[in-house]
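Here are some notes to read alongside the structure shown below. Please keep the display open and look for each part as it is named.

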Amino acid sequence: MSEKRPGVLPTGTVVRVDAQAQWDAAVRSSKSREASFTSVSGSPLKPLYGPEDAQLDVERDLGLPGSFPFTRGVHPTMYRGRLWTMRQFAGFGSAQQTNQRFKFLLEHGQTGLSTAFDFPTLMGYDSDHPYSEGEVGQVGVAISSLEDMQTLMAGIPMQEVSTSMTINGPAPILLAFYIACGERAGVDPKLLRGTVQNDILKEYQAQHAWLVPPEPALRMICDVMGYCAQRVPQWNTISISGYHIREAGSTAAQELAFTLANGMEYVRRGVAAGLAVDDFAPRLSFFFDSHIDFFEEIAKFRAARRIWARKLRDEFGAKDPRSWMVRFHTQTAGVTLTAQQPENNIVRTAFEALAAVLGGTQSLHTNSMDETLSLPTEKAVKIALRTQQIIAEETEVAHVIDPLAGSYFVEASTQRLEDEAQAYFDEIERRGGIVPCIEAGWIQKEIHRSAVAYQRAVEHDEKKIVGVNCYQESDAGPTIELHRIDKSVEQDQRARLAALRARRDARRAQRELDLIRAACRSRENLLERFVAAAHADCTLGEIAQVLREEFGKYKEPKIL
Amino acid sequence: MIPPTAASLSERLIAGDRSALARMISWAENGDPRFGPALDLVFSRVGGGARTGITGPPGAGKSTLVNELAKAYRAQGRKVGVLAVDPSSPFSGGALLGDRIRMEERTLDPGVFIRSMASRGSHGGMAQAAVDACDAMDAFGFEELLIETVGVGQAEYDVVAAADTVVVVLCPGAGDGIQAMKAGLLEVADVLVVNKSDLSGADRLVNDLDEAVHVRFSREERFAVPVVPVCAANGTGIDELIEAIRTHREWLDAQGLAERRLEMRVERVRQVVDAQISAELWSQRGWREQARAQLRAGHPPHRVARHLAQRALSSIPQAGAPRS
Amino acid sequence: MSATSTTTGSSADATRRRIRVLIGKPGLDGHDRGAKTVATALRDFGMEVVYTGLHQTPEMIAEVAVQEDVDVVGLSILSGAHMSLFPRVRKELLSRNMGHVLLTGGGIIPAEDIETLQQDGFTRLFGPGTRTEDIAKWIEEQMQRRWASEGDQA
């Protein structure tokens, strides 16, 4: 404590007031690089953040890693105990080709599998359906039957490797193929680890790979949750996704809000179906985008954990701490990649991957630089994997848990995103809930509005993209080696399906389809029936067709 | 490519060429001078089609309802023409025409024709184009004509006023019942539909509307405007709606639908004549320059107007007997 | 052409001929951000845009083009199936005497495929990073030229 001297304020006070005033004056009188500074989502950014911006109650708002509200991470030791899973999304052509790519990635240090399916599979059509013409194997692997699934997983120990499957409308059918595949290989379903995306609400909102309308789709999701809780307890039954919402053009706050709102709806439905929340909520996982605004993304991941923990414990009354946790996979933002000067994409992906790690992701996919133009080549996907390995092994960011906690800017951003998400939750409730919002097209319109605003910002040069609206190069740049899918894949699939149909017990297959039809009309668990149908060699398209006939096809609302 | 003439296009239309019908509608929309003569050539075939206007506030589910109506009429073996009108942007003059997304299952049905039309401003021109488009579809052979508009402006009222039966579609929530009364939709309705009848508030809305129609009259006196609950999303209530439309049509026939249509055609002739004369006088006959000169010389505007009008009227003969 | 003059000067003028565009999403591809953004931009440029929605077969797109009497058909595809679907759409259009429409499109289409398709009826295709403004201006230019040569009589 300083001496009191007449006419002079205590030491320290004078210095601070002067410094603040000086800085304010300097900022006001300096040139500014831009007219306004915003995050990629359009949120205004102050030049400087101080303690007054991050009014934190450490116990209430941060907690410790692995405990409520999990802002700092879902596990006590996070990456000190175990690194995030390096899980590169892969899939193209035939099951055999993808099986080879799976093995390549596992050999090079990938620690989990992530499966991309082609559009016919995503939409529930066999490779030989008329709608499948030209599409077989293009954006992912073609899986029409249990036999295809067995080829996909050949030589891969299913009891050891966790497999994520990016499938939604027909997810229960593909899961049935996977379970049946494990059974045929002698692997007890209790040992199977992995995820089906199975997040139908975001399909209606963003990805558009739907099958049947919302109510029957939600019923099937509850069937999956119920079946797996008993028989496949290590399986993550839904990967509640924000990635696609963000890629469709939403802001960070919208991605956060719509994802968690969808998640809460699944919890509501599970409970309404008679499941105890703690029986299924621990197996709900999440999937977020990691976009180019470094700090906004880190804040978003932290906000997601805090919001969900609070909602599940305080609103849904979940008692098991595992129900309160947001365990999530992240993919770097495809939408930020450019076709111009594609090697720059390696850099973008690296920053986005770093943000995901600093945000505490459990599993990560890094995009390849050539993905704006086609499927990734081996060379490009290896660099993407190495990006994660360099972060893990060289930067030492994984040595300290939630290193950015306490940063005034990061904490303020975390709080801002939580508040913006809550405003959306309130609005969704005002409008009657998430399903009415989807049917009215409100969510889709919000996303479209953000997409249009972003496009305008880019075209008016307010949002700069290197190589696109600044630092352009006039020549075409290096030719990117394209990974093409040969027409023979489609032909081979046709032949395989014809052979399958010829050799299977047709009556048994038809009986299983009839049982599925009956189960649609009753309350029988559909996943149970799908597994039986898989063993009878019913195809994906045949099963999906019964569902379409019984439940109707989903028709999109008018958005434009 | 040789551009079609009124004669060649109307021949193709009579022969059942759908692209000729589509082109004729475009001529109507664009005020193409070939439209009038082309319609004249096929006019004997116009009149068989029944015209139903479907209007209401945005979000009421009109497009889904139109799709269900089309499906039901097709099941009866009737051919359906749909005109889906959406507002043009007041800023750019462009338009997003997305109604047909809800009628997608009808796209490949040879007995259905769907045309999207932009309002192109609210000068009444669109209403004329809509009537013309209906005439063209009628001449082609479509028996049920469904005209869908968003019921928020005068232009939309003009369009549905051209229909024989106006169906106003509301849905529960957002105080639609009260809004409809304020917006004047209630006055134009011959049939009221409460869509999304599965939602809470639907029953209350039906009751409120029932009461309201007993207080007011429909466009034609003494037609009891029915309130029909439907759920377009799952097809409930569609048969009842078709029945209500049929009942109204029967009533109109009894009231002299033919006369009413004739009156509308008279009005249409008036509009076309006025437009032609006005266009001719002001751009071709030097009236604009006359007016300008007289005003510049200091004559007050009303005197200038009276002067010009008198000049015209004194040289226009009485209509006289019609010549074929 | 119309005898009605543009007395009010409003851009939303009753009988001015507008460029009518069909934006189609052929095949099973569900990515519509690009299609919807382009449709919105063309509307902002004063065009009348019919959007088909997702999951259209080539026949459906051609049929809509006929009914709507469009001047332009723009296809958007990100699923790699363009070499199958784009030519099929063109074939369906030709079989309906719609060979006169301006055929364009975009999405994830490698440069070599763009060249092939541009030799085969697609006047121009646009890759990722294209400004919607440039697409709109190009369409306008193309249509002005065509209308001028037709003498506004189509």
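In which sense do β2(B) and strand β5 (residues 144-148) of chain B pair, and over how many bridges?

1. The model is a predicted one. In it, β2(B) and strand β5 (residues 144-148) of chain B pair in the parallel sense, and five bridges hold the pairing.

2. Strand β2 of chain B, which spans residues 80-86, is mostly covered, since seven of its seven residues are buried.

3. Chain A contains an open sheet of five strands, which are arranged in the order β1-β10-β9-β8-β7 and whose pairing is parallel. At the edges stand β1 (85-86) and β7 (238-241) of chain A, and because each has a single partner strand, one side of each is left without a neighbour in the sheet. Within this sheet, strand β8 (residues 284-290) of chain A pairs with β9(A) in the parallel sense over five bridges, and A:S290 is found opposite A:T332 in β9(A).

4. Next come the aromatic rings: a search of the whole structure, taken over all chains, finds 24 aromatic pairs. One of them is formed by A:F301 and A:F328, a stacked pair with 5.2 Å from centre to centre and 20° between the planes. This pair links distant parts of the chain, for A:F301 lies in helix α12 (residues 294-315) of chain A and A:F328 in strand β9 (residues 328-332) of chain A, 27 residues apart. Both A:F301 and A:F328 are buried.

5. For a pair with another geometry label, turn to A:Y424 and A:W442, which form a tilted aromatic pair with 6.4 Å from centre to centre and 50° between the planes. Here too the pair links distant parts of the chain: A:Y424 belongs to helix α15 (residues 408-430) of chain A and A:W442 to helix α17 (residues 442-459) of chain A, and the two residues are 18 residues apart. Both A:Y424 and A:W442 are buried.

6. Which residues form one aromatic cluster with A:F301 and A:F328? The cluster consists of A:F286, A:F288, A:F301, A:W308 and A:F328.

7. Also in chain A, helix α19 (residues 506-521) and helix α20 (residues 526-535) pack at an angle of about 170°, and their axes are 9 Å apart. Because angles over 145 degrees count as roughly antiparallel, that makes α19(A) roughly antiparallel to α20(A). From α19(A), the residues A:R508, A:E512, A:L515, A:I516, A:A519 and A:C520 meet A:L526, A:R529, A:F530, A:A532, A:A533 and A:H535 in α20(A). Sorted by class, this contact has eight nonpolar, one polar and three charged residues.

8. Chain C has five helices and five strands, and from the N terminus on its elements run β-α-β-α-β-α-β-α-β-α. Of its 154 residues, 61% count as buried. Among the contacts in chain C between residues at least 6 apart in sequence, 71% join residues at least 24 apart.

9. The last point concerns an open sheet of six strands in the order β3(B)-β2(C)-β1(C)-β3(C)-β4(C)-β5(C), whose pairing is parallel. Its edge strands are β3 (95-97) of chain B and β5 (124-126) of chain C, each of which pairs on one side only. From one strand to the next, the twist averages 20°. Strand β4 (residues 102-107) of chain C pairs with β5(C) in the parallel sense over three bridges, and the bridge partner of C:G106 in β5(C) is C:F126. Helix α5 (residues 132-150) of chain C packs on the sheet, where it touches β3 (72-77), β4 and β5 of chain C, and its direction makes about 170° with that of β4(C).

Note on methods: Residues numbered from 1 in each chain as written. Chains lettered and ligands numbered in written order. Predicted model: local features only at pLDDT ≥ 70, side-chain atom pairs only at ≥ 80, totals over all residues. Heavy atoms only, no water. Buried < 20%, exposed > 50% of the residue type's maximum accessible area, 1.4 Å probe, protein only. Helix = DSSP H or I, 4+ residues; strand = E, 2+ residues; numbered from the N terminus. Pairing = 2+ DSSP bridges. Axes fitted to C-alpha atoms, helices over the stretch in contact; angles between N-to-C directions. Parallel < 35°, antiparallel > 145°, perpendicular 65-115°, else oblique. Contact = heavy atoms within 4.5 Å. Nonpolar A, V, L, I, M, F, W, Y, C, P; charged D, E, K, R; others polar. Phe/Tyr/Trp six-rings, centres within 6.5 Å; stacked < 30°, edge-to-face > 60°.
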